[in-house]
Each structure stands twice: as structure tokens, then as C-alpha cells.
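Open your viewer and get ready to click along. Each stop below tells you what to select and what you will find there.

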Amino acid sequence: MDWVSDSDEKNSDNFSWETDEDDKESPADPPGEASEAGPSQPSLYSHFIGMGFSGDMVEKAIKENGEGNVETILETLLTYSAIGNSPSDCEDAPAECPVTSDEYSFDSDIDTDDPNDQDFIEGPQEKDKKLLILVDMGFSPEEADAAIERCGLDSSVLELADSIHAAQMAEEPEGIGWDCPKTRFEAAEGSSYGSTRKKRSLIEVKRKLKRSCLSQRRRDYVRKSTVDFDDAPLAIPKPMIGFGIPFEKCITRRSLPEAAIGPPYFYYENVALAPKGVWDTISRFLYDIEPEFVDSKYFCAAARKRAYIHNLPIENRFPLLPIPAKTIQEALPMTRQWWPQWDKRTQLNCLQTCIASAKLTERIRKALENYGDLPPPRVQEYVLAECRKWNLVWVGHHKVAPLEPDEVEMLLGFPNNHTRGGGISRTERYKSLGNSFQVNTVAYHLSVLKSMFPNGINLLSLFSGIGGAEVALHKLGIHLKTVVSVEKSELLNGDRLESLMKRYGGFDLVIGGSPCNNLAGSNRHTRDGLEGEHSSLFFDYFRILDLVKSIMVKNL
């Protein structure tokens with residue numbers, strides 16, 4: 001097999017990206033380490049005092065979160081206000097106050113002196129608490145409840161508020177539906193945190209969002225677009241099984257637009273839960289093929305909601321054998337003896353690019369240590385929320401831990417130690433795996449190629465990462481005659497492509513998934529859709545694919 005990389009002629013740019021599921025950064029200072037002298041930014045302190053919060057409350061929130069993340073401080077203050085507690089009431093309740101995110105860290109040291117690591121006590125239900133905050137912001141109970149259903153209970157208050165704004169904008173006839181940056185919420189007159197400022201009306205807020213968030217470039221893009229934004233966007237089906245899953249009744253026929261029919265075959269992947277209009281645009285560029293939405297929980301023990309656009313046949317698919325375990329305890333049997341009866345999880349959530357810190361797992365242990373086998377419901381709720389968020393598994397009595405890299409490899413269908421060696425760090429292993437394909441899911445779709453290309457295929461792999469597509473084809477027993485693997489390179493222009501295709505005889509399959517940084521729901525700051533710095537690389541996937549098609553047609 002010939003293996004060609006764009007780095008053979010020129011070092012490719014080092015490039016990394018995060019999944020949907022969301023990349024998380026470690027805070028500069030863990031909670032509990034702020035200076036006793038109070039905040040070093042009087043303007044920040046005055047800002048929140050001016051919003052109507054008490055001085056003690058503001059000082060406590062800044063101590064817990066540090067001064068670098070204003071949104072997190074605001075969310076902490078809103079939490080205090082909504083549950084009607086002073087900061088001192090929360091000090092002994094790790095479920096009520098851990099709105100900071102030291103668990104984003106990869107730090108392996110356990111800081112047992114952290115004042116936030118106190119014993120867990122019961123408090124209001126998490127859903128009720130967030131409902132109170134959202135209603136206090138001026139949203140209706142129905143809107144708040146619908147947002148929690150859409151986004152999940154693990155979502156932050158600001159994410160839920162953003163979801164409500166997006167839904168409101170989508171309902172307006174003139175709404176374009178771009179996902180805009182979060183606004184700073186002002187305290188409403190008569191609210192529980194006693195602000196004297198008058199809250200802006202929702203209509204005014206939405207008008208300002210539309211005016212400020214659509215840059216000139218994005219407005220030009222909307223004007224040039226042929227999409228009718230009043231039309232309903234592509235609906236994500238439930239259940240997410242695409243054209244079918246192994247051993248179930250499947251759709252075996254579909255009609256493709258004439259422009260989509262090969263050669264070559266192509267296969268494109270990205271996160272399913274992208275901002276409104278993204279998959280309409282991707283579909284329009286990729287020859288008007290409708291996406292196949294699939295959740296990998298039907299292929300392994302972990303969820304992974306993805307959309308795939310391809311021109312492959314869909315009949316005669318077959319799965320990789322042996323069939324992977326579909327439940328946590330089947331996939332990770334050593335956890336069975338420690339798994340408490342009150343943890344009803346059977347599958348993991350989407351595998352992320354980062355893991356929970358030792359501080360968080362220690363906090364969970366301390367929350368449970370004063371109870372026997374059946375902690376109070378509020379303790380259970382707190383622990384289960386963190387376990388779901390970070391895919392923690394039970395490794396001892398009252399002890400949880402994140403997945404090891406080799407366990408993530410196994411769940412995603414990669415060979416053992418696939419990402420080990422070559423100087424790659426543990427952190428980089430998690431990141432590369434979190435950005436990868438789920439091999440069994442992709443292999444099921446690609447399996448139709450085995451009978452079509454008995455002598456093997458020439459593969460152009462774009463945004464190759466750790467080679468999920470190549471692993472899937474290899475496991476299917478499809479011979480890879482030539483692989484041209486490209487991460488990110490300006491070298492792959494028309495002349496270079498034509499030279500490669502003349503040398504190797506064209507490509508049978510063009511496969512890839514461009515970066516999802518600006519599409520993933522967890523990206524609260526630069527979720528700019530296909531206009532984002534990284535996710536706009538989709539257009540390079542299309543550019544290269546269209547060049548390959550044109551060159552192959554010309555050479556017929």
C-alpha cells in the first residue's frame with residue numbers, strides 16, 4: 001500500500017480542534033484560592049454591586065470563581081439569589097455551589113484543603129433551581145422547562161437562556177436564526193436579587209442581538225444564500241438510526257440527485273446538533289444529499305450524535321464482528337462489583353476531548369463517605385449529574401474515576417494502544433480520541449464498498465486525525481491500495497490533486513470530517529457555525545471534493 005501525506009513535501013500546519021461535545025478549559029485559579037483581601041478589580045466588584053447583589057455575595061462569588069470569568073461569577077450570583085441562600089448557607093453544599101469548573105483541569109493532585117470540598121447536604125432539586133433562575137430572568141415557566149428538555153439538565157443557566165432566545169428568534173418571521181453570543185442579563189425590577197434597574201424587554205434584546213451579532217460578512221452571506229430561512233430546518237429524527245442499524249429493519253433504497261452520483265464516492269461527518277441552518281447549507285453544497293443522522297449508542301456503549309452526508313449505496317450493509325458491547329458493565333466488567341444500585345446508567349454520554357479532575361472525583365468521594373450504600377436522593381442527584389457529565393465510572397466503594405485512554409480507544413472501536421507512543425501525552429490522547437470517528441458506526445456505512453472494490457481502493461482522507469476511516473476500512477478487510485492523508489495544507493490545490501490522481505489513477509473514496517469547534521453546543525464563545533474560523537474548513541472539503549470530481553470527469 002502506498003501511503004502519502006501532504007507533509008512529505010512540506011510540513012503541514014499543526015492543527016487541533018475540539019468536538020461537540022465540547023472542549024473545556026482549565027480555570028487559572030481553582031475555587032477557594034482567591035485572595036482574602038477581596039477582588040483586585042474594584043470595577044468588577046462595583047459592577048455586580050450595581051446590579052443589586054449584596055457585597056458579601058459578590059465577594060464570595062469572586063473568591064470561588066476567580067476574576068477571569070464574568071459569566072461564571074454572574075451564574076453563581078444568580079444561583080445564590082434563586083435558591084434564596086446567602087453564600088454562607090452554601091459553603092457546606094457542594095451540589096449548590098460548584099458552579100466553578102476546576103473539574104475541567106487535567107490536574108492529578110487532590111487539593112483536600114479546598115474550602116469548597118465540604119460534606120454534601122440536601123438542597124433544592126437541580127431542575128427546580130434552574131427553573132427559578134430562568135423565571136427570575138423574565139422567561140416564562142413553559143419556556144424554561146422546554147429549554148431544559150432541549151439542552152439537558154447539565155446545561156448551564158446561560159446556555160439555557162441562550163437556547164430560549166434562539167427559540168424566540170426562530171419563531172419570528174424575519175428571524176435568521178444565527179446563534180449569537182450571550183448577553184449580560186440585567187437584574188429585573190422586583191426580582192429576588194433586588195435590583196432597582198429596569199429589565200430590557202425581550203423584543204429589544206432580540207433586536208439588539210440581531211443587529212450586533214450579524215457581522216457584515218455574515219449579512220452578506222445571508223443575502224447571497226439561496227436558503228429560505230422561513231422554511232423549517234432539517235429535522236433530526238428520533239431515534240437517530242439513519243437508514244437503519246444492524247439486525248433491524250432498514251431502508252434499502254434512496255434516490256440521489258444526479259450531481260451527487262460518483263465517481264468518486266464521498267463521505268462527510270460532523271456533529272449533528274449544529275446551529276440552525278448549518279446542515280441545510282452543508283447539504284446544499286454536497287449536491288443536495290440529505291444527512292443521515294446516527295447516534296453511535298446503537299453501535300457501542302457510548303453515545304455520539306453525528307450526521308453523515310455521503311453518496312454510498314445503503315443496501316447490503318453489514319456490521320463489524322464481533323459486535324461490541326452495548327452497555328457500560330459489559331464493556332467495562334471490572335466496574336460491575338462497585339456499581340451502586342441507584343446509578344441506573346447503562347450507557348455513557350459522548351466521549352469528550354477532556355476528563356474530570358482528581359479534585360472532582362475526591363469531592364464526590366467526600367460527598368458519599370458519610371452514607372452507606374444508599375445516600376439521600378439529593379446526594380445521588382449531584383453524583384449522577386457529575387458522572388453523566390464526565391462519563392465517570394465506579395472503580396471502588398464510593399469511588400469514581402474517568403475513563404482511561406485505552407478504554408476510550410476500545411469504546412470508539414480503535415485497536416488497543418492506537419494513540420500511544422510517538423511522544424503523545426495523555427492529554428493529547430484524550431483530545432485526539434474525542435475528535436475521532438466511532439469506528440463501528442463508520443464501518444457499517446462503508447461496508448458496502450467491500451463487494452464493489454474486491455481489489456482494494458484508493459483513498460483520499462481529509463482531516464485524517466488518528467485515522468478512524470482507515471481503521472474502519474482495514475477492519476472491514478478492504479485493501480487500501482493508496483492512502484493520501486491530509487490534515488491541513490495549502491498545497492492541495494488543483495495542480496497538486498491532478499498530479500496525485502495521475503500518479504495513482506484517481507480516488508475511489510474521499511472521506512473526512514472538518515473541525516467542529518464552531519458548531520459544537522459546548523462552545524459558548526465562538527459557536528459561529530460555518531462562518532467560524534475552524535468550521536469554515538468545511539468549504540475546503542467541498543472544494544477538494546469538487547476538484548476531484550471535475551478531474552475524474554475530465555479524464556473519463
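This is a predicted model: local features need pLDDT of at least 70, side-chain atom pairs count only at pLDDT 80 or more; totals for chains, interfaces and linings use all residues.

Residues are numbered from 1 along each chain as its sequence is written, and side-chain values use heavy atoms, with hydrogens and water left out.

**The whole protein.** Start with a cartoon view: it shows 20 helices and nine strands (DSSP runs, H or I of at least four residues for helices and E of at least two for strands, numbered from the N terminus). Of the 556 residues, 53% are buried (under 20% relative accessible area; exposed is over 50%, partly exposed in between, with a 1.4 Å probe and protein chains only).

**The cores.** Next, select Val-383, Leu-446, Leu-449, Leu-473 and Leu-509, the residues with the most contacts inside the largest nonpolar core, which has 62 residues. Such a core is a set of buried Ala, Val, Leu, Ile, Met, Phe, Trp, Tyr and Cys residues joined through side-chain atoms within 4.5 Å. Helix α13 (residues 377-390) gives the most to this core, with six residues. Another core, of 36 residues, lies apart from it and includes Ala-274 and Leu-460.

**Salt bridges.** The structure holds twelve of these (a side-chain nitrogen of Lys or Arg within 4 Å of a carboxyl oxygen of Asp or Glu). Select Lys-60 and Glu-64, whose side chains meet at 3.6 Å, N to O. Both sit in helix α2 (residues 55-65), four residues apart, about one turn of the helix. Lys-60 counts as buried because its relative accessibility is 16%, and Glu-64 is buried at 3%.

Now show Glu-498 and Lys-554, a salt bridge with its closest N and O atoms 2.9 Å apart. Glu-498 lies in helix α19 (residues 494-504) and Lys-554 in helix α20 (residues 538-554), so the pair ties together parts that are 56 residues apart in sequence. Lys-554 is exposed, with a relative accessible area of 54%.

**The surface.** Finish by selecting Phe-247, Leu-321 and Ile-323, a nonpolar surface patch with about 360 Å² of accessible area together. Patches take residues with over 30% relative accessible area and no salt bridge, joining like charges within 9 Å and nonpolar side chains (Val, Leu, Ile, Met, Phe, Trp, Tyr) within 5 Å; accessible areas come from the Shrake-Rupley method with a 1.4 Å probe, and for residues only the protein chains shown count as cover. Ile-323 is in the loop between β4 (305-310) and α11 (328-331).
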